Amino acid sequence: MMESHNNQKKMAVINDLTGFGRCALTVVIPVISVMGLGCCPVPTSILSNHTAFPSCFIDDYTDKLEPYLAEWEKLGLKFDGIYTGFLGSLAQQSIVRRFLENFGSPETRIIIDPVMGDHGKTYRTYTAPMCEGMKALVGCGHLVTPNVTEACILTDTPYKSFWKPEELEALAYKLLCLGPQKAVITGIELPGKRIGNYCMEQGGHGILIDVELAGESRCGTGDLFASIIAADAVNGVPLERSVRKAAQFVSKTIKASDALEIPRTDGVCFEPYLWELGDSKKQCEALL
């Protein structure tokens with residue numbers, strides 16, 4: 001009898017591995033694990049610390065991805081969820097497209113976090129062809145989680161700081177026209193020291209979910225937010241409920257980080273509160 005490696009619900013996560021600074025896989029792995037899913041990382045690069053620090057060591061993993069994934073093919077792995085984060089080149093985008101074809105299934109939830117820019121600017125590593133490639137990749141997903149800047153890049157919409165509700169609805173609709181079933185636009189600045197997230201599903205109306213602006217922006221908050229959304233998507237949690245939970249958790253951990261005077265570059269102090277994301281019922285269901 002052939003052994004199966006697909007008896008537990010699990011998620012493949014394609015992102016970089018950063019040793020210090022609480023972002024990417026160092027955030028994603030504990031969050032997805034505590035939410036009851038096996039987390040299988042695909043490292044796109046290895047960094048000593050993220051690039052917001054004055055210097056860092058970087059080892060690009062592009063050339064190693066295909067032999068890495070070939071071993072997974074030998075094992076016959078399939079995934080209930082596939083979650084992609086930062087991709088550093090057109091070559092990595094192409095590898096991810098093939099990964100979705102080889103390791104997904106009609107039931108696989110594909111979550112695309114299109115890490116492309118922030119504060120109205122595209123990251124310096126992102127070229128115009130890579131932006132076009134990300135548009136195509138978003139079309140392969142079930143759920144896309146861009147911030148406002150990324151939503152504008154993906155939909156060729158001029159960026160601005162403040163948005164009316166009807167403008168957010170139009171922006172989310174444009175994202176859905178790229179192909180995903182669901183979209184969440186994150187990090188929307190709102191009056192009265194509030195921060196919002198706008199979610200919409202195909203065929204439905206959008207909703208703006210806001211929380212108190214807990215403090216200044218920190219590295220890794222987007223990874224923390226998207227990880228919760230991704231795990232909930234596989235666990236079948238309704239999108240609105242998931243966004244509320246993720247927003248409240250991020251807000252709470254930012255406050256805790258400020259209280260401990262943790263530098264912004266060091267990310268969010270989420271570890272003492274990680275247990276709050278666990279749910280024994282969901283973890284048992286994840287085994288089925």
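Me: Are helix 3 and helix 4 roughly parallel or roughly antiparallel to each other?

Reply: Keep in mind that this is a predicted model. Helix 3 and helix 4 pack at an angle of about 10°. Angles under 35 degrees count as roughly parallel, and therefore helix 3 and helix 4 are roughly parallel to each other.

Me: How many Å apart are their axes, helix 3 to helix 4?

Reply: The axes of helix 3 and helix 4 are 10 Å apart. The crossing of these two helices is left-handed.

Me: Which residues make that contact between helix 3 and helix 4?

Reply: From helix 3 you have Leu90, Gln93, Val96, Arg97 and Leu100. Helix 4 brings in Pro129, Met130, Gly133, Met134, Ala136 and Leu137. Sorted by class, the residues in the contact of helix 3 with helix 4 are eight nonpolar, two polar and one charged.

Me: Ok, next pair. At what angle do helix 5 and helix 6 pack?

Reply: Helix 5 (residues 148-155) and helix 6 (residues 165-177) pack at about 55°, and their axes are 9 Å apart. That angle is why helix 5 and helix 6 are described as oblique to each other. Their crossing is left-handed.

Me: And which residues make the contact there, between helix 5 and helix 6?

Reply: On the helix 5 side they are Ala151, Cys152, Leu154 and Thr155. On the helix 6 side they are Leu171, Lys174 and Leu175. By class, the contact of helix 5 with helix 6 has five nonpolar residues, one polar and one charged.

Me: Staying with helix 5, how many of its residues are buried?

Reply: Eight of the eight residues of helix 5 are buried, so helix 5 is largely enclosed by the rest of the structure. Among the buried residues are Val148, Glu150 and Ile153.

Me: What covers the buried residues of helix 5?

Reply: The cover includes strand 6 (117-118), strand 7 (121-122), helix 4, helix 6 and strand 9 (182-190).

Me: What about Asp156, is that residue buried or exposed?

Reply: Asp156 counts as exposed, at 61% relative accessibility. You'll find Asp156 in the loop between helix 5 and helix 6. The phi angle of Asp156 is near 55°, a positive value in a residue other than glycine.

Me: What's phi like at Arg22?

Reply: Phi of Arg22 is near 50°, and this is a positive value in a residue other than glycine. Arg22 sits in the loop between strand 1 (10-20) and helix 1 (25-34). With 23% relative accessibility, Arg22 counts as partly exposed.

Me: Switching to rings. How many aromatic pairs are found in the whole structure?

Reply: A search of the whole structure finds 10 aromatic pairs. One of them joins Tyr61 and Tyr68, and this pair is edge-to-face, at 6.5 Å centre to centre and 80° between the planes.

Me: Is Tyr61 buried or exposed?

Reply: Tyr61 is buried, because buried means under 20% relative accessible area and Tyr61 has 18%. Tyr68 is partly exposed, with a relative accessible area of 26%.

Me: What kind of pair do Phe79 and Phe103 form?

Reply: Phe79 and Phe103 form a tilted pair, 6.1 Å centre to centre with 50° between the planes. Phe79 is in the loop between helix 2 (62-75) and strand 4 (81-84) while Phe103 is in helix 3 (residues 90-103), so the pair ties together parts that are 24 residues apart in sequence. Phe79 and Phe103 are both buried.

Me: Which residues do ring pairs link into a cluster?

Reply: The cluster is made of Tyr61, Tyr68, Trp72, Phe79, Phe99 and Phe103.

Me: Last one: is His205 buried or exposed?

Reply: His205 is exposed, with a relative accessible area of 73%. His205 lies in the loop between strand 10 (194-201) and strand 11 (207-212). Leaving aside neighbours within four places in sequence, His205 is in contact with Glu169, Cys199 and Met200.

Definitions and conventions
Residues numbered from 1 in each chain as written. Predicted model: local features only at pLDDT ≥ 70, side-chain atom pairs only at ≥ 80, totals over all residues. Heavy atoms only, no water. Helix = DSSP H or I, 4+ residues; strand = E, 2+ residues; numbered from the N terminus. Buried < 20%, exposed > 50% of the residue type's maximum accessible area, 1.4 Å probe, protein only. Contact = heavy atoms within 4.5 Å. Axes fitted to C-alpha atoms, helices over the stretch in contact; angles between N-to-C directions. Parallel < 35°, antiparallel > 145°, perpendicular 65-115°, else oblique. Left-handed = near helix turned anticlockwise from the far one by under 90°. Nonpolar A, V, L, I, M, F, W, Y, C, P; charged D, E, K, R; others polar. Phe/Tyr/Trp six-rings, centres within 6.5 Å; stacked < 30°, edge-to-face > 60°.
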